[in-house]
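Good morning, and thank you for coming. Please look at the model on the screen while I guide you through it.

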Amino acid sequence: MLNVYDFDHTIAYFDSGFAFFGFCFRRHPLRLLRWLPRQVVELLRFAAKRKRGSPKGNFYLFVRSLPDWQAEVAAFWARYADEKLKGWYLAQKQGDDIIISCTAEFLLRPICDDLGVRLIATTLDDSFSLVGCSCYGEEKVRRLRDEYGDVQVAEFYSDSHADTPLASIAQQAFFVQGDDITPWKFG
């Protein structure tokens, strides 16, 4: 039995993908200016919940323009990890926790390694294009089963009803809004 968590707006106060773009844009505006129209479209699609197939599938292409993307990811988490992770999660974190997120694996891997927890996230190739499906909705359950078999989920936490498939396999599921945590309401 283990606990499973969504990341963005669940154990973090922000959407890490969008925050990472903003962080990189402030540091490299001329390199990323050409990506701004695409990012605005992706943000509007995401906000409008038009997530057909790949909610953030094309979002990370901007990383191609960064001079050293690993250094940018490290600088991003050095700047935001302490102030943007929620205290309630840090207080109950366990080493066998699994974070399952639609956010790209390359962006969340460093913070999950620092936290000492496991990660399942959207996979991108070396050109930052989507590999397979975004880790979203039913895909989260499929990926959990692929990696851990018929693991029993004791508790699941998320800020999004798109995660109802994961909530439905947990013994207890919780909906997170800011720092408020309430039992998941199905139906």
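This is a predicted model: local features need pLDDT of at least 70, side-chain atom pairs count only at pLDDT 80 or more; totals for chains, interfaces and linings use all residues.

Before I name any residues, one term is needed: two residues are in contact when heavy atoms lie within 4.5 Å.

On one side stands α1, from which S16, A19, F20, F23, C24, R26 and R27 take part in the contact. Their partners in α4 are E72, V73, A75, F76, W77, R79 and Y80. Sorted by class, the contact of α1 with α4 is made up of nine nonpolar, one polar and four charged residues.

How is such a pair described? Two packed helices are characterised by the angle between their axes and by the distance between those axes. Here, α1 covers residues 16-27 and α4 covers residues 69-84. The angle at which they pack is about 105 degrees, and their axes are 10 Å apart. Angles from 65 to 115 degrees count as roughly perpendicular, and α1 and α4 are therefore roughly perpendicular to each other.

Let us now step back to the whole chain. How many helices and strands does the protein chain have? There are eight helices and six strands. Read from the N terminus, the elements follow the order β-α-α-α-α-α-β-α-β-α-β-α-β-β.

As for overall dimensions, the C-alpha atoms fill a box of roughly 50 × 35 × 30 Å along the principal axes. For 187 residues, a compact globule would have a radius of gyration near 16 Å; the protein chain has 16 Å, so the two agree. Buried residues account for 50% of the 187 residues. Of the contacts in the protein chain with a separation of 6 or more, 62% join residues 24 or more positions apart.

In which order do its six strands lie? The order is β3-β2-β1-β4-β5-β6, in an open sheet with mixed pairing. At its edges are β3, residues 118-122, and β6, each of which pairs on one side only. From one strand to the next, the twist averages 25 degrees.

Helix α7, residues 138-148, packs on this sheet and touches β2, β3 and β4. The direction of α7 makes about 135 degrees with that of β3.

Strand β1, residues 2-5, runs parallel to strand β4, residues 153-158, and four bridges join them. In this pair, L2 stands opposite V153. Strand β5, residues 170-177, and strand β6, residues 180-183, run antiparallel and are likewise joined by four bridges. Here V176 is found opposite I181. The hairpin of β5 and β6 has two residues between the strands, and G178 takes a positive phi near 65 degrees in this hairpin.

I shall close with two individual residues. Leaving aside residues up to four places away in sequence, E139 touches C133 and S134.

The second residue is T103, which lies in strand β2. T103 has a relative accessible area of 0% and is therefore buried. From C-alpha to C-alpha, T103 and A170 are 22 Å apart in space, and they are 67 residues apart in sequence.

Thank you for your attention.

How values were computed
Residues are numbered from 1 along each chain as its sequence is written. Side-chain values use heavy atoms; hydrogens and water are left out. Axes are lines fitted to C-alpha atoms, for helices over the stretch in contact, and angles run from 0 to 180 degrees between N-to-C directions. Angles under 35 degrees count as roughly parallel, over 145 as roughly antiparallel, 65 to 115 as roughly perpendicular and the rest as oblique. Ala, Val, Leu, Ile, Met, Phe, Trp, Tyr, Cys and Pro count as nonpolar, Asp, Glu, Lys and Arg as charged, and the others, Gly among them, as polar. Two strands pair if DSSP finds at least two bridges between them. The radius of gyration is taken over C-alpha atoms; the globule rule is 2.2 Å times the number of residues to the power 0.38. Buried means under 20% relative accessible area, exposed over 50%, partly exposed in between (1.4 Å probe, protein chains only).
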